[in-house]
Amino acid sequence: MGIIVNYRVLVSDPLAEEGLTILRDQVEVDVKTGLTEDQLIAIIDQYDALLVRSGTQVTAKVIEAGTHLKFIGRAGVGVDNIDTDAATRQGIIVANAPEGNTLAATEHTVAMMMALARNIPQANASVKRHEWKRSKFTGIEVNEKVLGVVGFGRIGKEVAKRAIAMNMRIVAYDPFISKEKAAEIGVEIMTMAELFTVADFITVHTPLMKETTHIINDASIATMKDGVRIINCARGGIIDEQALYRGLVSGKIGGAALDVYEHEPPTDSPLIELDQVIMTPHLGASTVEAQINVAISVAKQCLSVLSGGSARSAVNAPMIPADQLEFVEPFAVLAEKMGRLLLQLVEGRLEAIELVYGGEFVERNSNTRFITRMALKGILDRLLHLPVNIVNAEFVAHERGIVVSQTVTRESQGFKNLITIKVRTDLGEETISGSVFSKVRSRIVAIGGYTMDLDPTGFLVISRHLDKPGVIGRASTILGHCEVNIAGMQVGRIRPGEEAIMVLNVDSEVSDEAMDEIRSMPGIFSAKFAQI
Ligand SMILES: NC(=O)C1=CN([C@@H]2O[C@H](COP(=O)(O)OP(=O)(O)OC[C@H]3O[C@@H](n4cnc5c(N)ncnc54)[C@H](O)[C@@H]3O)[C@@H](O)[C@H]2O)C=CC1
Ligand SMILES: O=C(O)C(=O)COP(=O)(O)O
């Protein structure tokens with residue numbers, strides 16, 4: 001395959017060779033690991049994409065310095081080391097590789113649980129010190145014990161399945177999982193407070209966010225069973241490490257197995273000194289298989305974005321399920337064109353943009369949010385001196401105080417589908433409706449309430465005038481004098497003799513002078529030149 005323009009990709013954490021090979025086939029790749037924030041800031045503007053694991057802190061400062069960045073890829077799940085808000089603001093797609101390391105993290109969690117139950121790391125270290133202390137390392141069986149799983153997502157569920165095979169009873173807490181779904185694999189959903197009181201082992205598998213920060217703390221530990229064993233192979237910060245330390249020292253907590261820490265590496269953590277704590281250096285995803293999976297996933301997504309496509313696992317852009325893509329795409333193209341035209345028809349400061357999706361959108365349950373973002377892109381792209389795309393379109397509108405709303409309705413005025421976009425400014429409003437008839441035939445079917453059948457491409461002259469003889473002819477004559485060829489004409493009126501609309505498809509740009517001449521004609525209320 002050939003090179004995609006002259007794109008350059010920076011890989012700032014170790015990435016499996018299989019991913020690098022895919023990238024090197026089409027773009028220039030630099031692998032530079034262990035950079036400080038300042039070092040990264042100094043070079044990031046040379047790159048179009050940045051690929052990381054958990055080792056690189058992609059801060060707002062790094063993102064702001066990355067003026068050419070189009071894509072930030074996370075070869076793994078957690079994006080808590082990436083300032084996604086800053087990336088969104090800048091229109092940079094952030095994507096992760098959510099499935100590739102699920103089983104690696106699952107197996108590590110199960111290994112940690114077994115190591116905790118049987119004191120394997122401590123016993124191993126003892127034997128290597130030439131000791132033979134069998135009774136000191138007597139463990140417990142996991143058979144018939146209760147495992148509490150907090151966060152029943154990809155990893156939580158796989159851990160549960162394996163623990164069920166070891167005859168454990170599984171209870172789980174996850175506000176976004178139904179009791180029925182969990183029951184299908186024999187797991188009981190309960191509140192987190194209940195879970196803490198019944199579990200012999202607790203394992204956390206949530207992302208780190210405000211709601212999950214320090215969910216294991218002094219107060220929750222006090223409610224747990226004496227001797228409870230706690231595992232964290234998700235994110236440092238879900239457990240309050242100070243509280244964990246206190247619980248371990250007091251004997252309330254029987255042991256802890258940690259793969260992740262509030263600060264990595266946890267060099268200054270007092271937990272290091274405790275025998276009953278097992279620690280691994282963030283190894284959950286570190287298997288040969290997982291690293292190949294995640295590297296290939298981000299490499300492919302990176303190339304897709306750089307060549308103008310989308311990212312399969314974007315975390316800051318709406319994703320269209322593959323089975324809806326074919327349906328949604330022509331609407332997205334039409335909506336962007338309608339947006340572009342609308343902006344050229346209105347005067348004043350944008351206040352509100354209203355989208356109404358009529359007809360088959362109701363049944364198709366289609367991704368209208370994606371279409372809305374494309375309409376916003378069409379409206380805002382030319383207005384602002386910054387790139388607007390499906391990542392930041394809503395954000396940019398919101399930041400500028402433009403109220404965006406969208407509704408889906410059955411009503412579609414006889415069309416199979418109908419998108420209507422109304423733009424309101426401080427000086428007035430304009431409405432355009434469009435419809436997709438087939439994959440290759442989309443039309444603007446109304447402007448400002450006047451029906452038409454307009455091919456939304458090329459150059460247009462749109463005027464509002466008094467419906468009386470001679471007006472259209474004189475406008476055409478002015479264009480003819482300027483060597484502008486008229487390729488198509490649409491006229492519409494509500495009542496004879498009153499205001500009417502004329503839309504001309506023309507073959508070339510119309511000069512400001514010619515437009516001024518048309519505007520000054522008697523009977524013309526307004527005339528605009530637009531390019532879609
Ligand atoms: N140690 C390591 O190397 C690895 C760590 N991870 C971490 O493991 C965690 C889980 O990863 P996945 O299972 O792939 O993610 P996931 O997104 O499939 O699952 C997370 C689950 O947490 C649930 N959740 C969200 N808010 C919650 C709350 N307030 N209380 C309880 N549950 C809540 C979600 O509903 C979801 O089901 C992530 O933090 C990820 O970064 C993942 C892979 C490797
Ligand atoms: O995927 C995740 O969330 C992980 O924590 C894995 O981190 P890593 O890619 O090994 O630095």
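The model is predicted: local features need pLDDT of at least 70, side-chain atom pairs count only at pLDDT 80 or more, and totals for chains, interfaces and linings use all residues. Residues are numbered from 1 along each chain as its sequence is written, and chains are lettered from A and ligands numbered from 1 in the order in which they are written.

**Ligand 2**
- The residues around ligand 2 include Arg53, Asn101, His282 and Ser286.
- This shell divides into three nonpolar, eight polar and one charged residue, with Ala, Val, Leu, Ile, Met, Phe, Trp, Tyr, Cys and Pro counted as nonpolar, Asp, Glu, Lys and Arg as charged, and the others, Gly among them, as polar.

- Strands (E, at least two residues) are DSSP runs numbered from the N terminus, and two strands pair if DSSP finds at least two bridges between them.
- Strand E16 (residues 428–438) runs antiparallel to E17, with six bridges, and Ser435 has Arg443 as its bridge partner in E17.
- E17 and strand E18 (residues 450–454) are antiparallel over three bridges; the hairpin between E17 and E18 has two residues, and Gly448 in the turn has a positive phi of about 55°.
- Strand E17 (residues 441–447) is largely enclosed by the rest of the structure, because five of its seven residues are buried (20 or more other C-beta atoms within 10 Å of the residue's own, C-beta atoms being placed from the backbone).

Notes
A residue is near a molecule or strand if its C-beta atom, placed from the backbone, lies within 6 Å of it. A residue is buried if 20 or more other C-beta atoms lie within 10 Å of its own, exposed if 12 or fewer, and partly exposed in between; C-beta atoms are placed from the backbone. Helices (H or I, at least four residues) and strands (E, at least two) are DSSP runs, numbered from the N terminus.
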